[in-house]
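Please look through the sequence and the model shown here before reading on.

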Amino acid sequence: MKPIITEDRIQELYAFTRKHFVEHYDIQTELVDHLANGIEAQWEEHPQRTFEDALHIEFKKFGVFGFQDVVEQRTNALTKYYWKEVWKLFKQYFRLPKIIMTIALVLMLQMLLRFSAFSNIIVFGLVCLMFLLPAVQMCRFRLQVKKRSKISGKQYLLEDIITGLGTGGIMFQIPLQFLINFNNHSELNVDNPWVLWIVSSFLVFYGLVAYLVAFYIPKHMEENMKKMYPEYALV
């Protein structure tokens, strides 16, 4: 009778990938599927071959660098896939009626800045909120990721991408530079309509992007992860 890959063997394959420095569970899963299929293909011709020997033969097919090249290829491929999903969420969000709402917010903010005696304070306060609220939310997300990883023992590439999108990119650098320059040049020319349009559009658009990155995208990508990896929902 031909041997089969049992659940215990699957867990051994996961441990094998971790032993060979594959950190992310989503990459591990692809490698485990590849190894399991290769071992079963060997057993079709050599049913007497042990699991350990079949695994050793299968692993040798990856060459002298082991999983390194495959991990790099699959990491790049999954990163591109996840970024496409993130971009898809952006496009899904910016549809009617949200486009109309965005334009309305720009108009309302422009009028507020034009007729308010506290235009500079309003701009400074809004930029501070755009800096602080996403920062707090992304810190919460990072803590959730660490807690989930500690409980499950699994680390996901997608979570690293979302965390990097929120904390390692331009999302915090732009408002920080804005605050520094605004502090040095704090007079807002409310008589110039172009200045008001540019400032209003920047504040509204950047505020929406910060909201999407910190709140909207993590929530929806978590739902996608639960569909792709059922065990993700169990933690």
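**From the whole chain to single residues**

Read from the N terminus on, the elements of the protein chain follow the order α-α-α-α-α-α-α-α-α, and the secondary structure comes to nine helices and zero strands. Helices here are DSSP runs of H or I with at least four residues, strands are runs of E with at least two, and both are numbered from the N terminus. This is a predicted model, in which local features need pLDDT of at least 70 and side-chain atom pairs count only at pLDDT 80 or more, while totals for chains, interfaces and linings use all residues. Residues are numbered from 1 along each chain as its sequence is written, and side-chain values use heavy atoms, with hydrogens and water left out.

Of the 235 residues of the protein chain, 37% count as buried; buried means under 20% relative accessible area, exposed means over 50%, and partly exposed lies in between, with a 1.4 Å probe and protein chains only. Among contacts (heavy atoms within 4.5 Å) between residues at least 6 apart in sequence, 75% join residues at least 24 apart.

Helix H5 covers residues 98–115. H5 has 18 residues and reaches 26 Å from its first C-alpha to its last, close to the 26 Å expected at 1.5 Å a residue, where the expected span is 1.5 Å times one less than the number of residues. Which residues of H5 are buried? They are Thr102, Val106, Leu109, Gln110 and Leu113. Seen down the axis of H5, these buried residues fall within an arc of 100°, so they line one face of the helix; the arc is that of the directions from the helix axis to the C-beta atoms. An α-helix has 3.6 residues a turn, so residues three or four places apart point the same way. The buried residues of H5 pack against helix H6 (119–152) and helix H9 (193–228), whereas on the other side of H5, Ile100, Met108 and Phe115 are exposed.

Leu96 lies in the loop between helix H4 (68–93) and H5, and Leu96 counts as exposed because its relative accessibility is 64%.

A contrasting residue is found in another helix. Gln28 lies in helix H2 (residues 25–45), and Gln28 counts as buried because its relative accessibility is 3%. Leaving aside its neighbours within four places in sequence, Gln28 is in contact with Tyr14, Thr17, Arg18, Val22 and Glu23.
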